[in-house]
Amino acid sequence: MGLHQTMIHRYRPGMTGLNKCLVAVGLSLWALVSLGAPPGQAVLVYVYSPTCGACAQFDREVGVIYHKTEESARLPLQRISLDAWQDGQHDHSDCVATPVSSTPTFVQIQDCQEIDRVTGYSDEALFWLALKRMVNRLAPASLSKDPAL
């Protein structure tokens, strides 16, 4: 018996077939959302602190436009507080990554492995240069199939 069937049987033994189907679909969607990025999808984890001046500078200079860039399609940005990262309260807590002790830190993760990282932020130009290096390190599955990009 699979997880979905076990959960349905255990919590609602008298459910009709349609209701069981709806619960199974709901559990499947919950699992998809809670597991984070699909296998092979790379992500750029931005570990920040609310009291970090360099983080505030990054947020003003890059954070507000990052989601509009081609790079964000290939390497989506996920903000995680330093406390949450250190406590393992994030989607990547089971992944192989070295500890983060200062902010900002940008960790490139793909297939639950740390690929690259940048610690610190001084200006926009250096961030985009480092990001270009990270995009160049993406495994082929994460690169866009669109030849126009």
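Is R133 buried, partly exposed or exposed? I looked it up in this predicted model. R133 is partly exposed, because its relative accessible area of 35% falls between the 20% and 50% cut-offs.

**Entry: the charged pairs**

I searched the whole structure and found 4 salt bridges. I noted three of them by name.

R133 pairs with D116, with the closest N and O atoms 2.8 Å apart. R133 sits in helix α6 and D116 in strand β4, so this bridge ties together parts 17 residues apart in sequence. I checked D116 too: at 9% relative accessibility, D116 is buried.

D116 has a salt bridge with R137 as well, at 3.3 Å between the closest N and O atoms. R137 lies in the segment after α6, 21 residues from D116. R137 is partly exposed, at 43%. Through shared partners, D116, R133 and R137 form one network.

E114 is partly exposed, with 24% relative accessible area.

**Entry: the nonpolar cores**

Next I turned to the nonpolar side chains. The largest core holds 19 residues. L44, F58 and F127 are among those with the most contacts inside it. β1, α3 and α6 each supply at least two of its residues. Helix α6 gives the most, with 5 residues.

I then listed what L44 touches, leaving aside neighbours within four places in sequence. Its contacts include Y66, L75, F106, F127 and L131.

A separate core has 11 residues. V43, V47, I80 and L82 are among them.

Conventions
Residues are numbered from 1 along each chain as its sequence is written. This is a predicted model: local features need pLDDT of at least 70, side-chain atom pairs count only at pLDDT 80 or more; totals for chains, interfaces and linings use all residues. Side-chain values use heavy atoms; hydrogens and water are left out. A nonpolar core is a set of buried Ala, Val, Leu, Ile, Met, Phe, Trp, Tyr and Cys residues joined through side-chain atoms within 4.5 Å. Buried means under 20% relative accessible area, exposed over 50%, partly exposed in between (1.4 Å probe, protein chains only). Helices (H or I, at least four residues) and strands (E, at least two) are DSSP runs, numbered from the N terminus. Contact means heavy atoms within 4.5 Å. A salt bridge is a side-chain nitrogen of Lys or Arg within 4 Å of a carboxyl oxygen of Asp or Glu.
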